[in-house]
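Biologist: I am new to this structure and would like to learn how to read it. Could you take me through it step by step?

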Amino acid sequence: MLTAPELVKLIKAHNILSKITIPKKARENVNELVKLIESNNYAVDHKKKVIKPKVKRGKKITLKQAEELDKPKPKKEKTEAQKEKTKDNQRKKIIKFILDNTDILNDPEIKELHKGLK
C-alpha cells in the first residue's frame, strides 16, 4: 500500500494536469487521501503506484512521473541579444523617467552623485 507522502506526491503531480486540492488535515492520513482521490473520480492502484481515472480519459500518473514533474525546471540562459535588449529597455525607462521628472535634476543629492561620477 502506498504511504501518505507518496500519495501526496502523486496528487501534486496530477495537479499539474488537473486540479485536486488537498486539505491540511488529510495530508498525513492515508485513508483520507484515498477518499479524496476516489471522490474526484480516480482510483488508486497501490501495486502499480498509479492514480487512474475511473472514467477513461487517457491521463495516468505513475510515481516516477510524479517525481519528474516535482523537480524544479532549469532556468533558461539569456542570449547576448536578449541581454542587450533588456539593457536598452532599462536605459529607455530611466531616460523617460528623468525627462518626465526634470525637477529631480536640481536635487542636491543628485548633484553630489553626479560630481562623484565625473
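Modeller: Gladly! Let us begin with helices and strands: helices (H or I, at least four residues) and strands (E, at least two) are DSSP runs, numbered from the N terminus. This is a predicted model, in which local features need pLDDT of at least 70 and side-chain atom pairs count only at pLDDT 80 or more, while totals for chains, interfaces and linings use all residues. Residues are numbered from 1 along each chain as its sequence is written, and side-chain values use heavy atoms, leaving out hydrogens and water.

Biologist: How many helices and strands does the protein chain have?

Modeller: The protein chain has five helices and three strands. Read from the N terminus, the elements run α-α-β-β-β-α-α-α.

Biologist: What is the order of the strands in the open sheet?

Modeller: Here, two strands pair if DSSP finds at least two bridges between them. The order is β1-β2-β3, and the pairing is antiparallel. At the edges are β1 and β3 (61-62), each pairing on one side only. Strand β2 (residues 50-53) is joined to β3 by two bridges; V50, for instance, has T62 in β3 as its bridge partner.

Biologist: Next, burial. What percentage of the residues of the protein chain count as buried?

Modeller: Buried means under 20% relative accessible area, exposed over 50%, and partly exposed in between (1.4 Å probe, protein chains only). Of the 118 residues in the protein chain, 22% count as buried.

Biologist: And which residues have the most contacts inside the largest nonpolar core?

Modeller: The general idea is that in soluble globular proteins, nonpolar side chains tend to be buried together. A nonpolar core is a set of buried Ala, Val, Leu, Ile, Met, Phe, Trp, Tyr and Cys residues joined through side-chain atoms within 4.5 Å. The largest one here has 21 residues, and L7, L10, I11, I22, L33, I37 and I51 have the most contacts inside it. Elements giving two or more residues to this core are α1 (4-17), α2 (30-39), β1 and α3 (63-70). Helix α1 supplies the largest share, six residues.

Biologist: What does L10 touch, not counting residues up to four places away in sequence?

Modeller: A contact means heavy atoms within 4.5 Å. By that rule, L10 touches L2, K49, I51, I61, T62, L63 and A66.

Biologist: Now the charged pairs. How many salt bridges does a search of the whole structure find?

Modeller: A salt bridge is a side-chain nitrogen of Lys or Arg within 4 Å of a carboxyl oxygen of Asp or Glu. The search finds four. One of them joins K49 and E6, with the closest N and O atoms 3.8 Å apart. K49 sits in the loop between β1 and β2 and E6 in helix α1, so this pair ties together parts 43 residues apart in sequence. K49 is partly exposed at 34% relative accessible area, and E6 is partly exposed at 22%.

Biologist: Where does D45 lie, and which side chain does D45 meet in a salt bridge?

Modeller: D45 lies in strand β1 (residues 42-45), and its side chain meets that of K52 (3.8 Å, N to O). D45 is buried, with a relative accessible area of 19%, whereas K52 is partly exposed at 26%.

Biologist: How many residues apart in helix α4 are K96 and D100?

Modeller: They are four residues apart in helix α4 (residues 80-100), which means that K96 and D100 are separated by about one helical turn. Their salt bridge has its closest N and O atoms 3.5 Å apart. K96 counts as exposed at 53% relative accessibility, and D100 counts as exposed at 53% too.
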